[in-house]
Amino acid sequence: MKPLQILRDVKIVAFTQFLLGPASVQYLSDLGADVIKVEQPGRGAYERSWSGGNTYVEGVSAFFLLSHRNVRSVTIDLKSPEGQRAALRLASSADVVVDNFRPGVLDRLGVGYAKLSELRPDLIYACGSGYGSDSPHRDLPGQDLLLQAMTGLAAATGRAGDPPTPAGAAVVDQHAAALLAMGILAALHHRQRTGEGQRVEATMVQAALDLQLEPVVYHLNGGLVERPAEPLGSSFHEAPYGVYETADEFIALSLSPVAKVSAALGDPAELREFLDPAVKFSRREQIRSALGPLLRNRSAKELLALFREHGIWCAPVNDYDAVFADPVVTHLDPVLEFEHPRAGKVKMLKHPVRFSSGEPELRTPPPELGEHTDAVLSELGYSAEEITELREAGVV
């Protein structure tokens with residue numbers, strides 16, 4: 001399939017850090033956008049020097065690698081007057097500027113929305129933040145766990161009586177990144193029709209609430225949304241929805257009538273009082289307690305085959321090793337393997353959306369710090385002598 005370059009005529013300047021901003025612009029760089037990341041000379045962005053699970057590949061942060069492919073890096077000292085002028089020149093040459101520093105930081109450095117929109121009325125300025133630029137919490141750190149905690153996500157997950165249970169991934173960051181990318185694409189379409197630029201903002205608070213769309217709407221409209229005492233899969237689904245232990249592993253059962261599950265198991269006496277569909281929510285914890293022991297003496301493989309034969313919605317509970325051995329996942333081929341100049345062979349996840357017009361490709365690996373500074377400054381009209389002077393002065 002031919003390389004996908006849907007956004008090849010879009011230039012994005014990224015003042016981004018951590019995960020929200022970098023992941024957002026990587027969605028767009030995968031689609032062909034020219035993304036230029038501005039970093040501090042010397043140390044670069046935070047994500048170059050930190051990685052989850054202490055995962056470094058030949059000394060290169062996996063956290064940086066996972067969200068910076070197809071991106072160019074320039075180093076500019078935003079605290080120096082000459083650096084601010086260079087950054088302003090760069091940002092005003094872009095179609096989109098993306099900022100996920102704390103609100104107000106880039107304004108103080110002279111490259112915020114107010115200044116740039118004067119120079120480029122058609123500019124799209126996209127902000128990602130924890131709480132919003134005009135929020136009373138605007139100066140607090142917007143970090144995934146903190147947002148899971150404050151928006152009810154952690155408290156809604158797990159069993160009654162247990163401590164709140166955060167998700168096992170940075171789900172708020174990643175969803176906010178996707179929403180910000182979607183907002184940028186919508187703003188680009190709007191500009192194409194009207195010629196107007198605008199400011200786009202995605203907050204982690206709203207991303208976290210959006211992830212909880214279903215239970216939050218039930219709660220707002222008077223629904224009963226409480227963590228169950230039994231290990232059911234959610235606070236709002238009827239039984240048998242949840243994860244069950246088998247003789248060797250765990251399986252998940254989704255929305256299926258209790259009568260159907262009972263028939264597959266040979267109509268055991270333990271389930272007979274729960275066959276009426278009217279009790280599938282009101283007595284869901286009792287149903288869970290009755291069904292659990294019936295599955296513990298059979299293997300996961302046996303039960304999955306049995307339930308699928310009877311049209312019952314079910315799945316294995318996979319760890320990551322099992323995930324990437326699963327034929328469904330291997331069919332989708334979601335892993336991108338490439339050669340990095342320092343890290344060597346690394347594996348990342350591919351762009352998650354498929355297009356009939358082409359496939360997002362790896363044009364450039366995640367960049368070395370400032371790798372593209374000279375090229376980008378040259379594109380802005382700086383001469384070789386001027387670039388040398390900036391470099392000698394420590395501006396870039």
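Two strands pair if DSSP finds at least two bridges between them. Helices (H or I, at least four residues) and strands (E, at least two) are themselves DSSP runs, numbered from the N terminus.

This is a predicted model, in which local features need pLDDT of at least 70, side-chain atom pairs count only at pLDDT 80 or more, and totals for chains, interfaces and linings use all residues. Residues are numbered from 1 along each chain as its sequence is written, and side-chain values use heavy atoms, with hydrogens and water left out.

Let's start with strand β7, residues 124–129.

| Partner strand | Sense | Bridges | Example bridge |
|---|---|---|---|
| β6 (residues 96–99) | parallel | four | Val98 with Ala126 |
| β8 (residues 198–203) | parallel | six | Tyr125 with Arg199 |

Now for a pocket: on a 1 Å grid over the protein atoms alone, this is an open set of points where a 1.4 Å probe fits, with protein on both sides within 12 Å along at least five of seven lines. The second largest pocket has a volume of about 420 Å³. Of its 22 lining residues (an atom within 4 Å of a point), the closest to the centre are Leu153, Ala156, Thr157, Gly233 and Ser234. Helix α7 (153–156) gives the largest share of this lining, three residues.

Definitions and conventions:
Points joined across faces, edges and corners; volume = space filled by probe spheres on them.
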